[in-house]
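Student: I have a model open and want to go through it residue by residue. Can we start?

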Amino acid sequence: PRAFAMSACRIGLDAGGSNPSPAASESSGTTAPQTGSSSQASANPRARSSQVLSTWEGKTGNGQNFRVDINSVVVKEDVTTLTMTFTNTGPAIGIWWMSAFGDHKMLSDDVKLIDYSRHLVYSPGKAEDGTCNCSGYQSTGLDTNESRTVYTTFKGLPEDLTAVDVKINGVGQPFENVPVTRE
């Protein structure tokens, strides 16, 4: 087992500002066909691509069309695992689909969990060599309507924290009030 340096940073919040929520559609029956190893989905907490807790759909910062589903935020043995599914809703992407969300640093630096009640932002944990305990960089492309499910890990969240906001580079606004599950 590698040691991970997990951190949370304090943020200053605008007390009078509004925090608009993204189009968090309740995903009424519109589940994408799951490609890949669904046989592992029940046993592996990092492969829960079947449930959708929050969804955003639109153009990323670099102009590509995506739907992003937050599948789970699970705390187990003081490690929090965030699982997300990215679906290309636009023209086929030849290579580097992750460039729409922060490129090679997408899962190590460009995804955050936000605890507004404590004014904390959690960044993914990293090993001593700087790598994250995550699904890693994918240099492949994505055909139209093709999906990829990925995960990254954070330190365990406080026991009384039942929901977090999830901020993903390339997606305009955070996903709000995503439920936290404990195992």
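This is a predicted model: local features need pLDDT of at least 70, side-chain atom pairs count only at pLDDT 80 or more; totals for chains, interfaces and linings use all residues.

Student: Is aspartate 69 buried or exposed?

Tutor: Aspartate 69 is found in strand β3, residues 65-76. Strands (E, at least two residues) are DSSP runs, numbered from the N terminus. Buried means under 20% relative accessible area, exposed over 50%, and partly exposed in between (1.4 Å probe, protein chains only). Because its relative accessibility is 5%, aspartate 69 counts as buried.

Student: Which side chain makes a polar contact of 2.8 Å with the side chain of aspartate 69?

Tutor: A polar contact is a pair of N or O atoms within 3.5 Å; within protein, one must be able to donate a hydrogen and the other to accept it, and residues adjacent in sequence count only if both atoms are side-chain atoms. The side chain of arginine 67 makes a polar contact with that of aspartate 69 at 3.2 Å. The 2.8 Å partner is threonine 55.

Student: What is the handedness of the disulfide of cysteine 132 and cysteine 134?

Tutor: A disulfide is counted when a pair of cysteine sulfur atoms lies within 2.5 Å. Here the sulfur atoms of cysteine 132 and cysteine 134 are 1.8 Å apart, and both cysteines are buried. The torsion about their S-S bond is about 40°, so the disulfide is right-handed.

Student: Which backbone oxygen does the side chain of threonine 153 reach?

Tutor: Threonine 153 is found in strand β7, residues 147-155. At 1% relative accessibility, threonine 153 counts as buried. At 2.8 Å, its side chain reaches the backbone oxygen of asparagine 133.

Student: What is the phi of aspartate 78?

Tutor: Aspartate 78 is found in the loop between β3 and β4 (79-88). With 56% relative accessibility, aspartate 78 counts as exposed. Although aspartate 78 is not a glycine, its phi is positive, about 60°.

Student: Where does asparagine 177 lie?

Tutor: Asparagine 177 is a residue other than glycine with a positive phi, near 55°. Asparagine 177 is exposed, with a relative accessible area of 60%. It lies in residues 175-179, strand β9.

Definitions and conventions:
Residues are numbered from 1 along each chain as its sequence is written. Side-chain values use heavy atoms; hydrogens and water are left out. Helices (H or I, at least four residues) and strands (E, at least two) are DSSP runs, numbered from the N terminus.
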